[in-house]
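Reader: I would like to learn how to read the features of a model like this one, starting with its strands. Could you take me through them one at a time?

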Amino acid sequence: MAIPPEVFLLPARSDATLQQQIQQVVAEAIVSGRCAPGEKMPSTRRLAEHLGVSRITVTLSYTELVANEYLVSRDRSGYYVADTAPTRPIFADPARRDQGGVDWQRKLPRPTPLREDILRPPNWNDYKYPFIYGQSDPDLFDHGNWRNCAMRAVGRRDFDTLAQDHYQNDDPMLVEFILRQILPRRGISANPDEILITLGAQNALWMIAQVLLTEGQRAILENPCYPGLRKILDHMRCIETPVDVDAGGLPPDMIPPDTDVVFTTPSHHAPTNVTMPLPRRLEMLERALQDDFLIVEDDYEFEMSFLNPPSPALKSLDHAGSVIYLGSFSKSIFPGLRLGYVVGAPPLIQEMRRLRDVVMRHPPSHIQRTTAYFLSLGHYDSQLSRMARVYGKRRAIMEECINEFGLTPAGKAMHGGSSLWMKAPPGVDTTQLALELRKSSVLIEPGNAFFARRNPDKSHYRIAYSSINANLIRDGMGLLAEAIRDAERKA
């Protein structure tokens, strides 16, 4: 007797093809033990009728499952669950005894301090008007060429690079392209022993903090700033000193003389988007030499400079080696790539390489080589050009809406980027505003998470245009303005 077709149900939502979905549900049923070895599968006709798909789709799925040894085909009889099909081990459940359990409060004597996260639902793409930062628009990504680069990276020519454990080393092709093509755009010249590939900027910041900061040392961070940096520094038990930014970014004269490390985003401040002027950059470098502190420059989104050419990186002005430079491909290729790099003095890079080796050896070779091909074959520059055109159009629409609806910008971006920093009217709590807007399928990011605890702020918010269609911006901004007016009347 055959297995009833009702055993198999396709997922309600899936990005996989129908053929892949059928393979997945059948394989899961076999591995979980719901279908036992030797049992007969439903005929392709019956399963196709049950699932509402074509018979050829089921036949192709069965054929692939036979190739993967989940099923066997018997002439004139049909398909059966293979005796060699993988199954999950079943462990006996030992008699449980009440032993009081583990006292995790005692086992974890140094719990991570709770920090407010940026208010952003995980199902953000289900909302019609997602004005949120850090997510990409799939319509702007070069899927075809990325797939071709990934296939090329797994080819026989590159197999040794893909398959080997490179210990502390990075993909030389990726390093070479960053050195020859990416860094010169920022005015930076470096050698291979001055660069380390990381799993994005967050991973880079964590390694830098681990190497440079110990308990009792002072770290300067901008206020407001990227919330992920504060979470990293919380783990270090160092002295976190927030310094308020102004229209020129971080003021060097506000940095205490006993500082050890300064974290800054001079070319495109996070989240206000202001740019540090050249005289202030030079003053910052002079202070670093005078007071013997290091500067960590996070140069995020420099590729998105569609309003004006980007200003030179702080690292390009540094002749003493005081600046540690961070770059990332998360915003320019796609966020899930999680690939970035650090440029610094050889002794620092060597120490970070040793730390990375202990934790994860190196970022996956296949991802590094795929990215290297994507960069070197010109696809990266084409994508940046396409993103700049689209972002420029979306930003123009948002700025028109800001003027039309009487909204208030709080930061001025000289070069571009993918977001706007805004200020709500007095008395409007932007956290409550963001939650209320969800009812209208509008997402914004309240600004409270960006500020230090000593001066929490509920009046700012961020709206981004990287993941919203241009045709939806005006309606979404209209709903935002209406919600602000309602909140203002109630305040």
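**Reading the features**

Author: Pro409 stands opposite Met422 in β12. This is a predicted model, in which local features need pLDDT of at least 70 and side-chain atom pairs count only at pLDDT 80 or more, while totals for chains, interfaces and linings use all residues. Residues are numbered from 1 along each chain as its sequence is written, and side-chain values use heavy atoms, with hydrogens and water left out.

Reader: Which strands pair with β12, and in what sense?

Author: Strands (E, at least two residues) and helices (H or I, at least four) are DSSP runs numbered from the N terminus, and two strands pair if DSSP finds at least two bridges between them. Strand β11 (residues 408-409) pairs with β12 in the antiparallel sense over two bridges, and β12 also runs antiparallel to strand β15 (residues 460-464), to which five bridges join it. Met422 stands opposite Tyr461 in β15, as well as opposite Pro409.

Reader: Is strand β12 mostly covered or mostly exposed?

Author: A residue is buried under 20% relative accessible area, exposed over 50% and partly exposed in between, using a 1.4 Å probe and protein chains only. Strand β12 (residues 419-423) is mostly covered, since four of its five residues are buried.

Reader: How many aromatic pairs are there, and how do I read one of them?

Author: Rings of Phe, Tyr and Trp (its six-membered ring) pair if their centres lie within 6.5 Å, and planes under 30 degrees apart count as stacked, over 60 as edge-to-face and the rest as tilted. The count by this rule is eleven aromatic pairs.

Reader: Where does a charge sit over a ring?

Author: The rule asks that NZ of Lys or CZ of Arg be within 6 Å of the ring centre and within 35 degrees of the ring normal. The charged end of Arg74 sits over the ring of Tyr80, at 3.9 Å from its centre, and Arg369 lies over the face of Tyr373, 6.0 Å from the ring centre.

Reader: Which backbone angles deserve a second look?

Author: Most residues other than glycine have a negative phi, and most peptide bonds are trans. Here a cis peptide bond joins Asn223 and Pro224, with omega about 5 degrees, and Pro224 lies in the loop between β5 (218-223) and α9 (227-236). The bond from Ala270 to Pro271 is also cis, with omega near 10 degrees. As for phi, Arg237 is not a glycine, yet its phi is positive at about 60 degrees; Arg237 lies in the loop between α9 and β6 (239-244).

Reader: How many cavities does the structure hold, and what is the volume of the largest cavity?

Author: On a 1 Å grid over the protein atoms alone, a cavity is a set of points where a 1.4 Å probe fits but cannot get out, and lining residues have an atom within 4 Å of a point. Grid points are joined across faces, edges and corners, and a volume is the space filled by probe spheres set on the points. The structure holds three cavities of 30 Å³ or more, and the largest has a volume of about 90 Å³. Of the 13 residues that line the largest cavity, the closest to its centre are Gln135, Lys331, Met387, Tyr391 and Ser466.

Notes:
On a 1 Å grid over the protein atoms alone, a cavity is a set of points where a 1.4 Å probe fits but cannot get out, and a pocket is an open set with protein on both sides within 12 Å along at least five of seven lines; lining residues have an atom within 4 Å of a point.
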